[in-house]
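Visitor: I would like a quick tour of the pockets. Please keep it brisk.

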Amino acid sequence: MTLYATGARNAELTHLKFSDVDKQRMVVHIQGGKGRKDRDVMLSSKLLEELREHWHRLRPRPRVWLFPGHHDHCGDQPIDTKTVWHACHEAVKKTGIQKAVHPHTLRHCFATHLLEAGADLRTIQILLGHQDLKETARYLHLSQRHLHATASPLDSLQLKDRSPQEE
């Protein structure tokens with residue numbers, strides 16, 4: 001849920017700390033992403049509620065890591081990226097989805113769904129932490145809704161009535 005709600009990379013997710021969740025500003029601070037860049041992404045109210053429930057389920061309560069490692073999820077190290085991969089794989093199996101889905105797939109879904117909801121490419125670029133807009137532009141081809149919602153410029157022209165022979 002956190003991968004999809006934030007668009008974080010798997011490695012970024014595993015290194016999230018409780019202090020990275022800013023309830024006042026409703027943002028998640030992602031530190032040291034690709035290229036060692038920090039960024040803020042939106043904190044969904046649904047995600048905030050789920051993270052609260054997650055924290056209450058953990059015994060003993062973790063002090064630093066949002067997703068602590070170790071078999072009882074109370075370690076002083078963050079969860080491993082392979083653990084996230086396996087959790088994603090198990091969740092997909094439970095749903096019966098036949099396509100290959102990986103943690104990074106949720107990042108792609110995050111970006112594509114933002115684009116389909118009307119977010120501009122520059123905003124998505126910032127949220128994903130891409131340095132180059134070309135990296136973000138690849139999501140344009142994934143958005144079928146965008147493609148079908150775009151009218152041809154020809155449709156906006158006023159053409160004179162033509163006889164069928166002229167066409």
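Guide: The largest pocket is lined by 27 residues, and Met 1, Thr 2, Leu 13, Phe 67 and Ala 87 lie nearest its centre. A pocket is an open set of points on a 1 Å grid over the protein atoms alone, where a 1.4 Å probe fits, with protein on both sides within 12 Å along at least five of seven lines; lining residues have an atom within 4 Å of a point. The model is predicted: local features need pLDDT of at least 70, side-chain atom pairs count only at pLDDT 80 or more, and totals for chains, interfaces and linings use all residues. Residues are numbered from 1 along each chain as its sequence is written, and side-chain values use heavy atoms, without hydrogens and water.

Visitor: Which element gives the most to the lining of the largest pocket?

Guide: Elements giving two or more residues are α1 (2–6), α3 (45–57), α4 (81–95) and α5 (103–116). Helices are DSSP runs of H or I with at least four residues, strands are E runs of at least two, and both are numbered from the N terminus. With 7 residues, the top contributor is α4.

Visitor: What volume has the second largest pocket?

Guide: Its lining includes Phe 18, Trp 55 and Leu 66. α3 gives the most, with 5 residues. Volume here is the space filled by probe spheres set on the points, which are joined across faces, edges and corners. The value is about 220 Å³.

Visitor: Where is Met 26, the residue with phi near 55°?

Guide: Most residues other than glycine have a negative phi. Met 26 has a positive value. Its place is the loop between β1 (21–22) and β2 (27–30).
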